[in-house]
Amino acid sequence: MILSGLAQRLARLAILLLGVNALLFVALGLAGDPALMLAGEDPTPELLERIRAEYGLDLPVWQRYLVQLGRMAQLDFGVSIYTGQPALFMALEQLPGTLLMAVLSMGLTLVTAIPAGVWIGHRPEAASRRFGAALTAVAQGIPGFVMALVLIQLFVVRLGWLPSLGYAQPAAWILPSISLGFFLAPKLCRVVSAGVAEAMQEDYIRTARANGASMRFILWREALPAALPAAVALIGTQFAFLVSGVVLIETLFLWPGIGLLLLHSAQNLDFPVLQAICFVVALLVFAVNNLADALLRLIDPRLRPATQ
Amino acid sequence: MSASPSLLRIRGLCVDFPRGGRVLHEVSMDAAEGEIVGLVGESGAGKTLAALAILGLIPQPGRIAGGKVFIRDRELTKLGEQTLRPLRGRLAGFVFQDPLKSLNPVRRIGSALVESAMRHSGLSRRQARERAMEALRSVELANPESAMRAYPHQFSGGQRQRIMIALALINRPPLLIADEPTTALDASVQSRVLELLKRRAKRHTLLMITHDLALAARFCDRLYVMHGGRVVEHGPARELFSNPRHEYTRSLLDSLPGRRTTAPMRSKRRKSREALAAVRGLTVRYRGAAQAAVEDVDFAVHANETVCLVGESGSGKTTIARALAGVIRVDPEQLRFPSLNDDLPGAAVRARHLQMVFQDPYSSLNPRWPVERIVGEPIRTHRLCGRTEQKARVAALLGRVGLDPKQMDRRPAAFSGGQRQRIALARALAMNPRLLLADEALSALDIRTQARILALLRDIREERRLALLLITHDLALAAEVGDRVIVLRRGRIVEQGPASKVMNAPRHEYTRELLAAQARWRPENPGREGVRMYTPRL
């Protein structure tokens with residue numbers, strides 16, 4: 001049972017990677033000719049030929065596809081056209097910076113969105129809670145990069161309280177994490193508040209009250225657990241979108257991470273590095289989705305297979 | 001009663017809702033130590049609200065507008081939320097109607113019990129665990145050790161209700177309030193839970209809320225009858241049952257199965273011998289299920305007769321209905337409609353000649369459509385007539401089921417449960433069916449409405465020479481209205497025959513068990529001209 005589940009997941013992973021690879025191959029084919037980028041000003045036709053031959057760009061399309069597919073199967077993405085370093089190594093080297101920001105902003109999202117959601121969901125008809133709900137709706141409508149620009153303008157340029165670049169000093173971690181948090185926190189807050197509001201109408205809340213439970217206990221131990229599955233499912237599905245947020249935020253804050261590398265590689269048509277980055281990101285998204293699934297099963301006993 | 005000291009005292013309790021006005025009027029009530037008091041009435045009578053008001057649990061935005069509540073001479077109505085909260089569960093424990101909805105699905109049984117015990121009694125976690133195990137043992141739940149680690153959905157309905165009782169009693173309150181504790185359970189489970197409550201009631205005072213007057217009369221020492229937010233009558237249960245003074249109590253009593261003044265639905269005319277629907281060796285197995293839901297079932301339904309399918313939940317009643325209605329596909333050899341136009345394909349035969357009325361009149365009507373559209377829908381789908389004639393037909397149908405045709409522009413929300421079931425019936429009749437299938441169509445209705453809908457069904461069946469297949473878990477109802485009764489258990493027919501024979505001389509052990517379970521808590525002789533519960537009248 002467990003083994004077949006694992007096999008199923010691995011098969012899904014293989015299909016995902018094949019799909020990402022194929023899409024990327026087509027997209028890069030349309031993007032331009034890397035030989036032109038490498039050859040510099042006014043290249044001679046001979047030079048272009050030589051570069052194409054060196055990188056295997058002179059082969060027919062289907063052969064090129066099969067060759068890079070075979071390499072991917074061996075985790076060999078070739079070397080960067082620019083730096084000459086192994087592409088996968090470059091991608092992995094940038095991963096810690098991105099993960100640091102992801103973990104920080106996720107933590108920030110959880111500690112703000114969940115209490116806010118519980119507070120709003122507790123009595124959604126009250127005027128103050130309605131205002132809170134309206135605020136999250138507005139926040140959800142603000143694009144993350146606009147928020148980042150506003151924060152930079154305010155805290156870096158005007159007030160000069162915080163540095164905006166790099167991650168050498170922890171003070172510089174604050175703004176990128178907050179900005180990235182804006183991609184998910186309002187949505188999460190709304191899901192939690194809706195879940196709590198719904199749970200508060202359930203009969204088991206009446207049971208808890210009849211047993212003398214305090215309102216705090218009811219909210220955090222009875223209603224929130226019932227709202228959590230939807231929240232976890234949201235995080236699982238939204239994680240892939242968060243990656244696009246990472247590219248934006250890293251670019252704005254010049255944060256050395258996988259998003260910044262992605263941007264540079266795309267601008268330079270550095271195909272091997274792009275392939276490697278997409279491979280790493282796809283794996284990451286897959287891992288997070290599966291983690292969310294496992295977590296769902298842990299917090300919602302009704303999803304577990306019957307054991308009796 | 002005066003000998004034992006008073007435990008619960010309610011005096012002139014009034015409850016207001018800002019929009020609904022006053023919903024409880026001057027309710028007064030007493031319960032002595034160790035007494036079992038019944039609170040009886042139809043849904044909406046204010047029974048539950050009165051019970052919730054005892055510990056200040058009235059749902060928002062309702063509020064207590066007057067009156068006093070005492071438990072052991074402590075006035076609870078003058079206490080604030082902060083003082084009252086720790087008393088909940090310690091002065092009175094609640095058992096609610098639906099144990100599945102009343103237990104948090106994502107929390108373990110043990111954690112709910114242990115935390116409740118720790119909250120009130122200042123016990124350590126280990127002591128609270130001991131207390132929880134003891135509570136589970138006291139409600140006779142098998143294997144309390146593993147039950148502590150399990151979640152509510154892993155138990156059966158009866159087990160869940162035992163757990164609810166354990167939860168209500170864990171802080172040893174003097175008063176146990178049980179709100180329709182067995183309504184959501186099967187008959188045989190019902191009687192076991194009631195026996196358990198009765199045993200527990202030796203140490204606790206029990207306030208039992210129910211709409212089931214017969215059950216209350218058998219189970220309780222004293223009864224309070226509520227109607228429209230007022231207590232209309234109270235007294236010792238036996239006395240109230242044999243000699244009701246208030247008109248409302250009398251009408252409740254007259255609506256009891258076996259005592260209804262309406263004639264039974266059994267046909268007096270000779271039945272036609274040709275079967276409308278013939279079921280032969282019907283077997284249905286759901287994918288992934290170890291056991292067949294229905295196995296090797298044989299029966300037939302003839303024109304102008306009422307056949308009742310009786311069984312507990314999980315016995316396969318609804319699966320058979322779904323097979324008949326064509327919702328699940330079965331081998332055409334197993335299900336034939338001999339006297340209908342056999343040249344039509346199966347689905348067309350069904351749509352033309354077989355119509356259904358469902359259990360829940362709230363979810364089976366589209367809330368966005370006016371009644372005219374709901375009832376006219378089948379007419380329009382099958383292009384039976386033009387638009388103007390359609391309106392006339394809908395009006396006639398509504399008139400036939402006892403509704404005012406002028407109300408056909410209204411939506412279902414404007415109608416009561418009984419009226420909605422009439423609308424559903426009108427919709428079913430719009431196709432002029434030969435076979436009417438009613439799946440627990442009366443179970444959601446209170447007892448007086450039930451009697452009226454039954455009378456309507458009987459008249460219509462006589463008029464149109466319909467075959468009526470009634471699916472129910474209620475043996476008393478089946479005995480009252482059926483020509484023939486088919487008893488199902490775990491997907492198999494255990495007994496079938498004329499209603500009088502099955503009820504008076506059941507051959508199968510299971511039928512006897514079912515009858516005993518239903519009869520145990522109901523008076524064998526309600527005291528009126530010797531009408532006995534299960535004696536069918538001709």
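A residue is called buried if 20 or more other C-beta atoms lie within 10 Å of its own, exposed if 12 or fewer, and partly exposed in between, with C-beta atoms placed from the backbone. Helices (H or I, at least four residues) and strands (E, at least two) are DSSP runs, numbered from the N terminus. The model is predicted: local features need pLDDT of at least 70, side-chain atom pairs count only at pLDDT 80 or more, and totals for chains, interfaces and linings use all residues. Residues are numbered from 1 along each chain as its sequence is written, while chains are lettered from A and ligands numbered from 1 in the order in which they are written.

Start with helix α13 of chain B, residues 371-381. Its buried residues are B:Val371, B:Ile374, B:Val375, B:Gly376 and B:Ile379. Their cover includes α14 (387-400) and α15 (417-429) of chain B. Here and below, two residues are in contact if their C-beta atoms, placed from the backbone, lie within 7 Å. Just after α13(B), B:Arg383 has a positive phi of about 50°.

Now step back to chain A. Its secondary structure amounts to 13 helices and zero strands. Its C-alpha atoms fill a box of roughly 85 × 60 × 30 Å along the principal axes. Of its 308 residues, 31% are buried. Among contacts in chain A with a separation of 6 or more, 71% join residues 24 or more positions apart. Confidence is given as pLDDT, the predictor's confidence in each residue, from 0 to 100. Chain A averages 85, and 97% of the residues score at least 70. Within chain A, the lowest mean, 72, belongs to α2(A), and the highest, 92, to helix α9 (residues 185-199).

Chain A is assigned two stretches: domain 1 (2-73) and domain 2 (92-303). Such bounds come from an automatic or database domain assignment. The centres of domain 1 of chain A and domain 2 of chain A, taken over C-alpha atoms, are 33 Å apart. Their contact takes 12 residues from domain 1 of chain A and 10 residues from domain 2 of chain A. On the domain 1 side, α1 (2-31) and α2 (34-39) of chain A are the elements that give two or more residues. The largest share, eight residues, comes from α1(A). By class, that side has 10 nonpolar, one polar and one charged residues. The classes work as follows: Ala, Val, Leu, Ile, Met, Phe, Trp, Tyr, Cys and Pro count as nonpolar, Asp, Glu, Lys and Arg as charged, and the others, Gly among them, as polar.

How many residues of chain A are in contact with chain B? There are 19 residues of chain A, in contact with 25 residues of chain B. On the chain A side, α10 (203-210) and α11 (215-253) each supply at least two residues. α10(A) gives the most, with six residues. The chain A side divides into seven nonpolar, five polar and seven charged residues.

Chain B is divided into domain 1 (1-91 + 174-254), domain 2 (101-172) and domain 3 (275-519). The centres of domain 2 of chain B and domain 3 of chain B are separated by 40 Å, taken over C-alpha atoms.

Next, two strands of chain B. In a regular strand the side chains alternate between the two faces of the sheet. Strand β9 (residues 222-227) of chain B is largely enclosed by the rest of the structure, because six of its six residues are buried. B:Arg222, B:Tyr224 and B:Met226 point one way from β9(B), and B:Leu223, B:Val225 and B:His227 the other way. Strands pair if DSSP finds at least two bridges between them. β9(B) pairs with strand β3 (residues 36-40) of chain B in the parallel sense, over four bridges. There, B:Val40 has B:Val225 as its bridge partner. Six bridges join β9(B) to strand β10 (residues 230-236) of chain B, and these two run antiparallel. In β10(B), B:Glu233 is the bridge partner of B:Val225. The hairpin of β9(B) and β10(B) has two residues between the strands, and B:Gly228 takes a positive phi near 55°.

Why is strand β13 (residues 306-310) of chain B largely enclosed by the rest of the structure? Because five of its five residues are buried. B:Thr306, B:Cys308 and B:Val310 point one way from β13(B), and B:Val307 and B:Leu309 the other way. β13(B) runs parallel to strand β17 (residues 467-472) of chain B, joined by five bridges. B:Val310 stands opposite B:Thr472 in β17(B). β13(B) also pairs in the parallel sense with strand β18 (residues 484-489) of chain B, over four bridges. In β18(B), B:Val485 is the bridge partner of B:Cys308.
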